[in-house]
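Biologist: Before we discuss any detail, please put the model on the screen so that we can read the sequence and the coordinates side by side.

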Amino acid sequence: MAESQALGSRIRRLRREAGLSQMDLAGTELSPSYISLLEAGKRTPSPEVLEQIAARLGCPPEHLLEMVATDRADTLQTDLRYAEISLRNGDPKTALDTFTAVRDAAAAQGKDAVRLSAEYGVAQALEHDGRLEEAAERYQALLDHAGYGQSLVPRLAVAVALCRCHREMGDLAHAVDLATTTLEEARRLRITPTVLGVELLATLVGLHCERGDLHRAAALARNAIEEAEGVSDRKALGAAYWNAGVVAHRSGESADALLLLERALAIYSEGDDARALSRLRNAYASVLMQSETADIAEAKAQLTRSAEALADHGSTVDMAYCETSLARACLLESDAPQAERHARRALELLGSGHRLETARTLLVLAGAQLQLGEAAAAEAGCERAALLLEASEADRQAASAWNDLGELLERSGRTERAVWAYRQSLRCLGQRSSLLPAAGTSAGASASTSAGTSTGASTGASAGGDPGQQGSARA
C-alpha cells in the first residue's frame, strides 16, 4: 500500500507540474476516475499503462517504476510485484492480466520459480474476481505438482486457498477431506506447527462449523489456539480466535464469541491486511446482531466501516457478505425495503457459484419479502435456500431453513405444507420416527403421495426425494 501511495503521489505531482488535468492525463485509453484512484494509491497500473502515463508526463517510465521496485532490475520480478500490489488494492482484473503475462514469459525463459509464483497469482486473481471454478482448477493443478519436505510449506497455503474455494462453492465434504489430509501429511513430516499450519487448522474449524459438527469444530478450535500461541506470528493467533468465536456463536455462547472476536479484532487492527480486518468486522457484526443484548447500531457501524474498506480492497464475495449482513441488520430494524435492496445487491455480487452464502442471503431476502407481504416469494426463497444448504451438506443450516419455511407456511394457514417442511427440518437433523413405517412401505408411500398432492408443488415433492434428484434440480 505504501508503494502504491508513493507512486500515486509522484504521478499527481508530475501531472500538476505539467499543467495537466486528470482528464488530460487519462487520454482516450483511460478514464479520469482511474487516474483519481491511481493518484490516491488505490490502483496500480500495469507496465503498459505506466508507459502511457509516463509519455504524457514527459518522463521515462523508470522514473515512475522506481517508486514501486527500486531494487529490482529483473523485469519479470517487477511485473510480478505490480500484479501483487494490484491484487492487494482490489483490482483483480489488472492483476490477472499481469500475472498471466509474467507466467507466459517466465515459462518461455525457463524461469520456473517465477512461473509458479505467477501461476499462484493467477489463481488468486480468479478467486478474488469471483471465478471460483477456474480458481479451484488452478489451485488443484498447483497442489498436484507441489513437492514434499520443505516445499510442503507453500503447499499448505495452496490447500487453504483451495478449501476456501470449495467452501464457497458448497462442496464442504471435499474441503474437509482436503484440509484433514493435508494437515495429517504436514504433521507426519513434522512441518507443523507453523503459521500456515495454524491457518489450515483454523480453516478446518470453519468447515466443520459450516457442516454443523460443532463438537469437532470446538475441539479443533482449542487446538488451533494452542498451536497459534506456540508460533511467533500474531496473525495466526488472530485467525484462531476468529474461528473459535464463530464456533462459540454457532453453539449459542454469544458472550464468549464476542470476547474471542474482540481479541481477534485487536490483533488484526495492528496489521495492514485491510481485507481480512473488514471480513472479521462482518463476523463480529453478525454476532452483535444475534447476541442476547443485541446492538444493531454498533453492528451497522462495523458493517459500514467494512463496506468502505472492501470497496477498495475486497472481492465481490467479500462485498456480498457485507451486503447480506447489512440486509439482516435492516430486517431486525423492520426496514424491509432497505433489507430487500441489500439482499438483492448481495445476490447480484455472488452470481451463481456461491451456494452457501447465496442460501443465507435468500433466507434474509425471504424475511424482507414476508414483511412486505410477498408470502409466495418468501416461501419459494426459503425452499430454494434449504435445498442449496442440503446440497452443501450444511445440514444444521438446512434444518433451520426448513424450519423457517414451516413457520412461514403455518402463519399463512397452510398447515399440511407446514408439517411437511417441519419434517424436512427433522430429517436434516437425523431424526427418524421409531413408531411409523419406514418410507418405501405402502403406508409411507401413501402418506408421501398424499403430501405431494396436497401441495401441488413439484419443488416440494422433489425436496424429500433422493439426493441425485435434488442435485440435478438445483444445478
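Biologist: Over which residues near the end of the numbering does pLDDT stay under 50, and how many contacts beyond four places in sequence does the model have for them?

Modeller: This is a predicted model, in which local features need pLDDT of at least 70, side-chain atom pairs count only at pLDDT 80 or more, and totals for chains, interfaces and linings use all residues. Residues are numbered from 1 along each chain as its sequence is written, and side-chain values use heavy atoms, with hydrogens and water left out. Given that pLDDT is the predictor's confidence in each residue, from 0 to 100, and that contact means heavy atoms within 4.5 Å, the stretch under 50 is residues 441–475, with 25 contacts.

Biologist: Which helix has the highest confidence in the chain, and which the lowest?

Modeller: Helices here are DSSP runs of H or I, at least four residues long, numbered from the N terminus, and the chain has 26 of them. The lowest mean, 28, belongs to helix 26 (residues 467–474), while the highest, 94, is that of helix 19 (residues 336–350).

Biologist: Is Ser 334, with its positive phi, buried or exposed?

Modeller: Most residues other than glycine have a negative phi. Ser 334 has a phi near 65° and is found in the loop between helix 18 (316–332) and helix 19. With buried meaning under 20% relative accessible area, exposed over 50% and partly exposed in between (1.4 Å probe, protein chains only), Ser 334 at 56% is exposed.

Notes:
Helices (H or I, at least four residues) and strands (E, at least two) are DSSP runs, numbered from the N terminus.
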